[in-house]
There are 2 protein chains.
Amino acid sequence: MENFEFCNPTRIVFGKDILESLGKETETYGQRCLLVTGRSSAKKSGAYDRVKKGLQDSGITVFELTGIQSNPVLSKVHKGIEIAKKEKISFIIALGGGSVMDTGKAVAAGAKMNKDIWQVFEGREEVTEALPVVCIPTLAASGSEMNGFMVITNEESGYKLAAGSPHLYPKVSFLDPELTFTVPGDYTAYGGVDAVCHLLEPYFNGPDPYTPVQDELAEGLVRTIMSETKGCMRNPRDYEHRAALMWAATLALNGLTRAGVGNHPFPIHLIEHSISAIYQVAHGAGLAALLPGWMRWKASKDGPQKVAQLGQKCLGCHGERTDKEAAIKAVEAFEDWLSEIECPKSLSDLDISRDEHKKIAQNALFQSKIWDIDDTYNLDTIMEILSFCQ
Amino acid sequence: MENFEFCNPTRIVFGKDILESLGKETETYGQRCLLVTGRSSAKKSGAYDRVKKGLQDSGITVFELTGIQSNPVLSKVHKGIEIAKKEKISFIIALGGGSVMDTGKAVAAGAKMNKDIWQVFEGREEVTEALPVVCIPTLAASGSEMNGFMVITNEESGYKLAAGSPHLYPKVSFLDPELTFTVPGDYTAYGGVDAVCHLLEPYFNGPDPYTPVQDELAEGLVRTIMSETKGCMRNPRDYEHRAALMWAATLALNGLTRAGVGNHPFPIHLIEHSISAIYQVAHGAGLAALLPGWMRWKASKDGPQKVAQLGQKCLGCHGERTDKEAAIKAVEAFEDWLSEIECPKSLSDLDISRDEHKKIAQNALFQSKIWDIDDTYNLDTIMEILSFCQ
């Protein structure tokens, strides 16, 4: 196990009817709130009305930043920062999916800065303070409700970049599985893929590290998410499936399974951010198109053992005679799961051709430089991974 | 899944040579520290000297409370509170096993109270503030380094009681696996049993709840702890085994696997606390003597399904035709593990006879009233469990 530090101070309030306590829980953060929301799903599900009423009943003045879309954009963040500064906002509530939560975090940080928040994403500034953030996720996917990360797309430059800070952990997140009942099948699946990918990137942390605790936790969450994603797609209004998927997706990127595995650069997220920045595909769909190829590439580089282990522990693969055979079967079984939940399995499935690889790789390389990733993920390597994913 | 709240703000610094940063990390908590230690193991391992030097190099004045033993006693807590108040201690460092950490927490709370800290254990007072606590565990077992619980024995009344508070989460805990290299085989085993028991009590949370996330996490940690305990006993100075056991034991009682399983009263800990209060057996040995019988009793009450599941997931049991058959095999396989790590498997193995059951049950009942446990664990039930454990 590698040395690590772990601290996740976010308070989780999980379950049915928990939004009733929202006003009481948030009044310590002041009286002027910026409510960040997406396009319309929170209004359709009734969550928007319940949140707004809860806040107003507690005497909190609510300002709004609405219409946040998938692959959330910098201009909306700037707009939110403007409101926050002008209206002397004391805390942020983000009600929505990962895009909404990440926008909320970026506004929370930007409201306390004199420089442009984009400089944080470019690695030229650090977040040193932020407004308190409260998250109310409506999708089981990003894990943003229990971590200090945010991903924003600069629509002018075409870069989708991630940044993080200990100051950006939500103070409290309200996880009500019923808010996800109305998520359509395709986005339920994309959310499941996103959460599985958050687990697999640190899981494949090198040729042969000894990380049994982290492996067990990741494998258990992968199994749960794979199974519960299907359960939620079959029965979208089943509380137990939605609850299990929601909590597993939150734990998938709260630092728990990464602690102790050593440095690892989330290369699939890095490459996918380029894909969704350039082609406007859904994040989870982009990840699905990359994961099988990336696992094959990983097996070719680090040896087949860990992919084989994934197959045996999570994908029902048994009886293969060699690790190499087992790794091949594992990736095929993973592709079967992607087929079952109607996700793409390759770049071709997204209508992205080989001719596009260089553009994607160059965009990804720019990110990797900001993330200060070692030379492993240079242009040639990214091109090679992309060819495995074609 | 049941509604829950989860918040664990403890910062973990894990790995090799981490104590070098101790002085720097703790200087925010003030300049006057009470160092709580056990009898001699921290001195033997060199940890004591390193900690003391680190603090003194940072200009921190160190006071000491030494000689804390297994089943830590109230008189030592009173002594620590006296020092803390007299010397205007600003923070506590607990260097040792669960007994030392729990004593440190009780002193931290008591130093901020005008009433006797024992009233907290008796449920008549609550902890409303506490001195900052820093833990440096030297044993993988109690999980006290990442939770808000403490267990203290009142040697006058013969009661060993638990109490908890959000104010008692350590601010930071330093987990250096090398500090556990010198733990002898029997205490390594007792620590493993303690950690497994922390997982199994919430795992057996009723006849048929749907908690796949919690089950997966608990099962993964149980497998790891069972295997790594043996690894550590075979190779006491193997860093990787000690690291995996240490981190798994910490996660076993940090709230993670309990969140969402609903109310559950830790009955085995409750009964064991009575046993170790009365007979001065090591906590882990007492738990080992109770666990197989308790699982048999559980299977008879709630049905054999969950015990069977444990057998299939963690104990290598396959091929049994019925759940009942599988549950019987599971308990036998668990007993095999206890034999391998040279632990008792019944009260008889501890030389405790049937004649003692009533005394144990009455002591346990007193605890259960303080814990406000429902009628499930009345005198008859505890007597019945004890008879399964004989």
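**Exercise 1. Determine which rotation and which shift along its axis superpose chain A on chain B, and state the relation they express.**

Solution. In this predicted model, chain A is brought onto chain B by a rotation of 180° with 0.0 Å of shift along its axis, at an RMSD of 0.0 Å, where copies are superposed by least squares on the C-alpha atoms of residues with pLDDT of at least 70 in both. That is the relation of a two-fold axis. The C-alpha of chain A nearest to this axis belongs to A:Pro9, 2.2 Å from it. Finally, 100% of the contact residues of chain A recur in chain B, so that the same surface serves both copies (two residues are in contact if their C-beta atoms, placed from the backbone, lie within 7 Å).

Before continuing, note the conventions: residues are numbered from 1 along each chain as its sequence is written, and chains are lettered from A and ligands numbered from 1 in the order in which they are written. As the model is predicted, local features need pLDDT of at least 70 and side-chain atom pairs count only at pLDDT 80 or more, whereas totals for chains, interfaces and linings use all residues.

**Exercise 2. Describe the side of chain A that touches chain B, by element and by class.**

Solution. Begin with the count: 31 residues from chain A and 31 residues from chain B take part in the contact. Next, the elements of chain A that give two or more residues to this side are β1 (4-14), α8 (212-234) and α9 (239-252), helices (H or I, at least four residues) and strands (E, at least two) being DSSP runs numbered from the N terminus. The largest share, 10 residues, comes from α8(A). By class, the side of chain A that touches chain B has 18 nonpolar, five polar and eight charged residues; Ala, Val, Leu, Ile, Met, Phe, Trp, Tyr, Cys and Pro count as nonpolar, Asp, Glu, Lys and Arg as charged, and the others, Gly among them, as polar.

**Exercise 3. Work out how the domains of chain A are bounded and how far apart their C-alpha centres lie.**

Solution. Chain A is divided into domain 1 (11-179) and domain 2 (184-389), with bounds from an automatic or database domain assignment. Their C-alpha centres lie 26 Å apart, and the contact takes 22 residues from domain 1 and 30 residues from domain 2.
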